[in-house]
Amino acid sequence: MNFSVKALSKGGGRAGVLQVGGCSLETPALLLSTRKGLPAFISPDLLSTLPTPDSRLLQFSPLHFLEGISLKAVSEMGGLHQMLGLKEHVFVANPADPILSVPDYQSSNKIGASFETPSGRFLIKPGQYMEMISSMRPDIWVTLADEVPAWVSDKRNRVSIQRTMRWLDDCLALAKANDTGGAVFGSIIGGSKINDRKYCAQEVSRRNVEGFNIVGFGLGESMDERPTLLRAVTESLPEDKPRQISGLGLPEEVLQGVAAGVDLFNSTYIYHLTIGGFALTFPSEEIERHVSVDQLNDTIRDDGTKINLKATIYRKDTSRILEGCKCYTCQNHTKAYINHLFNVHEMLAQILLEIHNTYHYLGFFRKIRDTIREGTFEEFRQKFVESRREHAAPAAADNTDTDSAADNADTAALCA
Amino acid sequence: MALRFEILGKFNRARAARLTLPHFVCQTPLFMPVGTQGTIKGLTTSQLEDIGCQIILGNTYHLALRPTSVLIDELGGLHKFMNWPRGLLTDSGGFQMVSLLHLADITEQGVTFQSPVDGKPMLLTPEESIQIQNRIGADIIMALDDVVRTTITGPRIEEAMYRTLRWIDRCIAAHERPHDQNLFGIVQGGLDPVLRDICVKGLVDRKLPGYAIGGLAGGEDKDSFWRVVAQCTAALPEDKPRYVMGVGYPLDIVVCSALGADMYDCVYPTRTARFGTALVPEGVLKLKHQAMSDDTQPIDPTCECMVCKNYSRAYIHCLVTKDAMGSQLLSYHNLFYMLKLSRDLHSSIVNGQFPEFVCNFLQKMFPKGDVPQWVCNAMEVAGIDITSCCSPFPLSLIDSQAATVKFSRKNSIKMVHTKD
């Protein structure tokens with residue numbers, strides 16, 4: 001793996017190039033969230049309709065495979081790339097995943113981290129985790145962390161740092177002993193204590209890691225205290241290594257992260273949007289060129305960034321989710337059809353929506369990279385956040401027909 | 001009439017044809033996947049084109065409820081609504097009313113049923129069924145028939161057959177788009193050869209663009225099933241397509257094609273996929289089985305589909321019945337299998353190698369030569385010599401379904417052993 005920073009924005013954001021697994025990827029970049037290595041609804045033939053190499057970064061949790069398949073079988077097949085028939089993709093292993101493998105700090109103890117999965121709760125020790133990594137052979141893997149929410153006591157917060165550091169050393173030692181491949185990203189925690197965050201970041205950067213995984217955000221800290229915390233971390237890290245963050249997924253959160261110098265984002269935002277029937281519609285530059293202002297105003301109904309295709313207003317709407325969008329869904333299907341598919345609970349609804357949302361969000365990241373290189377990232381960020389606030393305020397006030405989980409989470413994060 | 005049916009090759013009763021529909025030129029024999037609500041569960045229309053699907057079946061009953069035929073019509077018809085450029089067929093809606101609704105009552109006027117939306121009594125007449133199907137706009141539409149279970153006996157069968165004949169005239173009269181849509185009549189008459197004969201003659205007199213054999217695949221024994229198909233195909237005109245409704249299993253399709261049928265539809269490949277079962281030349285493979293968890297082979301090593309080229313049984317095993325992707329990938333494989341079977345039937349007939357194809361198919365499915373007796377009987381009538389794949393001493397006289405189940409069980413037990 002190789003990483004280099006190519007451009008810095010005055011607000012702190014950076015654009016770089018990450019070379020890994022035969023791919024050359026521009027950062028800031030989005031890691032697509034997967035269930036067992038594939039996006040929830042996008043089969044590999046449809047995955048190839050998404051832009052490359054942008055869509056090549058896939059995040060999975062080794063814990064997805066605790067049941068159903070033996071590590072021996074995965075190993076025999078030659079690891080995850082072979083097993084999934086995605087030899088050109090880049091797999092990033094992260095034990096935590098907010099859908100299928102949720103960290104459970106109350107059950108974690110000094111010997112391992114605990115996770116809630118659909119097959120029950122599991123306590124994962126560093127040795128066990130490293131066995132999974134060795135069999136699955138991801139391109140990048142993050143070390144085990146004792147992830148705690150923002151509201152735990154100072155004492156528990158410090159305990160989590162101690163454990164995370166010990167597990168980091170254990171993982172590194174095991175990887176060395178067993179000659180486990182893949183680039184190691186050391187996990188950094190510290191809750192919402194600036195000093196703890198700094199301390200952890202400094203300690204992790206002293207270890208032999210190729211990048212960093214910033215953990216514990218999106219767990220109860222406020223939107224306002226986050227930039228300071230993020231900066232405390234990134235300013236303690238060396239410039240020349242990539243930084244990944246877990247838990248920041250909303251567009252505003254991504255922009256906050258980028259501004260603080262984060263390079264890689266993994267999130268289940270797209271999954272939650274898709275399940276809730278939401279399609280991203282905020283204008284990106286590529287689309288602006290094709291669309292008149294009227295059309296844009298027309299799509300802005302919910303909060304200016306997304307529409308709910310379950311809403312009855314789309315029953316007879318034969319327009320595309322977003323005019324000018326080049327994704328498979330917008331090239332082939334109308335809002336009316338997707339609305340029907342949701343009405344009758346057909347799986348194709350989620351397939352089409354996940355394709356559109358992924359395509360669109362990858363476009364958002366491309367836009368971010370472009371603005372950093374052009375030196376206009378700060379303006380872009382300001383404008384984006386402001387326009388979204390304008391739409392979100394009335395929407396939150398009269399609480400219209402958008403009451404799905406994704407939207408609630410969305411508005412809550414904004415109001416926080 | 002809005003179709004052309006040209007026979008390209010024959011072997012005794014079996015035929016391979018080119019069926020030209022308003023939206024697509026099809027090759028028969030063909031299998032039509034069921035896309036009940038304007039989508040095949042878990043697949044995009046581009047994937048269906050990729051795997052060679054020619055006609056999708058839509059269910060009138062479901063589409064009429066949601067999004068309603070008026071809306072489909074307003075938005076330009078079902079082809080446009082679901083963005084499917086190839087063939088579409090809609091059923092009459094009668095079957096779903098009888099099978100899904102408890103309070104359906106069939107009178108001379110039509111089918112009375114309780115609306116699942118507001119519970120009010122509603123009436124579906126032959127005229128209305130055709131009007132709805134005219135609005136949906138499929139290439140082939142089906143006449144409303146009086147469906148009775150094949151396992152029922154007595155005067156009800158006769159009543160249903162005569163009523164189907166009376167209704168066909170009302171359907172023909174109501175059909176407003178005969179130049180865009182082909183109305184197929186449905187042969188009823190239960191398992192009674194006399195009634196079937198009266199029905200076939202009555203329908204043939206109406207000179208319809210195509211004919212369906214209805215009322216089968218409802219739990220009747222296999223020997224009765226193939227005899228009805230054989231009788232109807234023999235009596236139906238040579239130059240019109242013949243569609244066996246609700247069939248079926250790969251073996252049934254091979255047998256019916258040998259007897260001269262051209263079109264089939266069934267939910268089986270996609271439904272069974274969602275329950276974790278894959279179709280393979282040997283029969284079925286239950287991916288949920290624990291023995292699959294460390295089986296690194298593809299589902300079917302001889303299959304060329306995207307799923308078999310990329311995935312192991314072990315990986316599919318950890319997806320099935322847990323993740324949507326399990327249904328998506330298995331449905332893709334199963335439909336690929338059915339559509340490949342259709343293509344193989346077509347090309348083997350055209351190339352004059354139909355008997356070899358049938359023997360090969362039976363050999364893989366019954367490696368011990370225990371081809372069910374009903375298949376042997378049907379093949380004798382079809383004039384296809386299958387002695388090369390039958391064991392000299394018939395192992396059993398059981399019907400095919402029992403044989404299939406027995407086979408798959410044996411198969412999975414065998415796999416457990418190889419892995420233990």
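Colleague: Which residues of helix H6 of chain B are buried?

Modeller: This is a predicted model: local features need pLDDT of at least 70, side-chain atom pairs count only at pLDDT 80 or more, and totals for chains, interfaces and linings use all residues. Residues are numbered from 1 along each chain as its sequence is written, chains are lettered from A and ligands numbered from 1 in the order in which they are written, and side-chain values use heavy atoms, with hydrogens and water left out. Helices (H or I, at least four residues) are DSSP runs numbered from the N terminus, as are strands (E, at least two), and buried means under 20% relative accessible area, exposed over 50%, partly exposed in between (1.4 Å probe, protein chains only). H6(B) covers residues 126-136, and its buried residues are Pro126(B), Ser129(B), Ile130(B), Ile132(B), Gln133(B), Asn134(B) and Ile136(B).

Colleague: Why does Asn134(B) count as buried?

Modeller: Asn134(B) lies in H6 of chain B. Asn134(B) counts as buried because its relative accessibility is 7%.

Colleague: What is Asn134(B) in contact with, leaving aside neighbours within four places in sequence?

Modeller: Contact means heavy atoms within 4.5 Å. With those neighbours set aside, the partners of Asn134(B) are Ile141(B), Ala174(B), His175(B), Glu176(B), Arg177(B) and Gln181(B).

Colleague: How much area do chain B and chain A bury between them?

Modeller: Buried area is the accessible area (1.4 Å probe) that two parts lose on being put together, summed over both. In this interface 39 residues of chain B are in contact with 40 residues of chain A. Carbon and sulfur atoms carry 58% of the buried area, and the figure is about 3,400 Å².

Colleague: Which three residues supply more of the area that chain B buries against chain A than any other three?

Modeller: Their share is 15% of that area. The residues are Phe81(B), Tyr315(B) and Met325(B).

Colleague: Which residue of chain B meets Lys36(A) in a salt bridge?

Modeller: A salt bridge is a side-chain nitrogen of Lys or Arg within 4 Å of a carboxyl oxygen of Asp or Glu. There are four between chain B and chain A. At 2.6 Å, N to O, the side chain of Lys36(A) meets that of Asp323(B).

Colleague: Which element gives the most to the side of chain B that touches chain A?

Modeller: Elements giving two or more residues include helix H1 (45-50), helix H13 (313-319) and helix H14 (324-350) of chain B. With six residues, the one that gives the most is H14(B).
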